[in-house]
Amino acid sequence: IAAIQLASGKPGQAAVLLRSVRGSSVATGEQKANALRALGLAYGKQSRWADTVIALSKANQIRSSTTADDWYRLAYAQFRNGDAQSAWHNLEVAVRHQPDHAPSRAMAAVLQARMQRSPSRMPPPRYSMASIPAPSGW
């Protein structure tokens, strides 16, 4: 039902359902991890970047396997939340998973260019979002 809510553009309603799975005593660890991942997507659709980072970080920690896309989503949310350093770290993880991961490479290029121009202070995310591809699902 949460997936239907997300696909229907109702991330707030999906989030309510997904939070209930996270607290369920009958859900397995992997089910809880998948619910956290979906909750992160729901928060991302609402531009709730701090909540997105928390949900995706926890999901990536407890899932039995992760992909470059999982780490890219987290990096993207961290960047949108103003934490370019953590975003950079997770882009490196994404590229270790998949060296030719195009979204990670594109975001890394933007971050690197911004840091070379102003290494002491990253500009706010709004200045470079046009050249950073949004993760699938957002």
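Leaving aside neighbours within four places in sequence, A75 is in contact (heavy atoms within 4.5 Å) with A87, N90, L91 and M107. The structure is a predicted model, in which local features need pLDDT of at least 70 and side-chain atom pairs count only at pLDDT 80 or more, while totals for chains, interfaces and linings use all residues. Residues are numbered from 1 along each chain as its sequence is written, and side-chain values use heavy atoms, with hydrogens and water left out.

The secondary structure of the chain comes to 7 helices and 0 strands, where helices (H or I, at least four residues) and strands (E, at least two) are DSSP runs numbered from the N terminus. Of the 138 residues in the chain, 41% are buried, a class defined by a relative accessible area under 20%, with exposed meaning over 50% and partly exposed lying in between (1.4 Å probe, protein chains only). Among contacts between residues at least 6 apart in sequence, 54% join residues at least 24 apart.

A75 is placed in helix α5 and is buried, with a relative accessible area of 0%. The C-alpha atoms of A75 and L56 lie 9.6 Å apart in space, and the two residues are 19 apart in sequence. Q78 is also placed in helix α5 and, at 8% relative accessibility, counts as buried. Beyond the neighbours within four places in sequence, the contacts of Q78 are V53, D83, S86, A87 and N90.

Both A75 and Q78 take part in the packing of α5 on α6, in which A68, W71, Y72, L74, A75, Q78 and F79 of α5 meet A84, S86, A87, N90, L91, V93, A94 and H97 of α6. The axes of α5 (residues 68-80) and α6 (residues 84-97) come within 8 Å and cross at roughly 170°, the axes being lines fitted to C-alpha atoms, for helices over the stretch in contact, and the angles running from 0 to 180 degrees between N-to-C directions. That crossing makes α5 roughly antiparallel to α6, on a scale where angles under 35 degrees count as roughly parallel, over 145 as roughly antiparallel, 65 to 115 as roughly perpendicular and the rest as oblique. The crossing of α5 past α6 is left-handed, a term for a near helix turned anticlockwise from the far one by less than a right angle, whereas clockwise is right-handed.

Helix α6 has 14 residues and reaches 20 Å from its first C-alpha to its last, close to the 20 Å expected at 1.5 Å a residue, the expected span being 1.5 Å times one less than the number of residues. Its buried residues are A84, A87, N90, L91, V93 and A94. Seen down the axis of α6, these buried residues fall within an arc of 165°, so they line one face of the helix; the arc is that of the directions from the helix axis to the C-beta atoms. On the other side of α6, Q85 and R96 are exposed.

The contact is made by G29, E30, A33, L36, R37, L39, G40, Y43 and G44 of α3 together with W49, D51, T52, A55, L56, K58, A59 and I62 of α4. The 17 residues of α3 should span 24 Å at 1.5 Å a residue, which agrees with the 24 Å between its end C-alpha atoms. Buried positions in α3 are A33, A35, L36, A38, L39, G40, L41, A42, Y43 and G44, and what covers them includes α1, α2, α4 and α5.

Just after α3, S47 takes a positive phi of about 60°, a value found here in a residue other than glycine.

Helix α2 (residues 11-22) has 12 residues and reaches 16 Å from its first C-alpha to its last, close to the 16 Å expected at 1.5 Å a residue. In α2, P11, A14, A15 and L18 are buried. Seen down the axis of α2, the buried residues fall within an arc of 105°, so they line one face of the helix.
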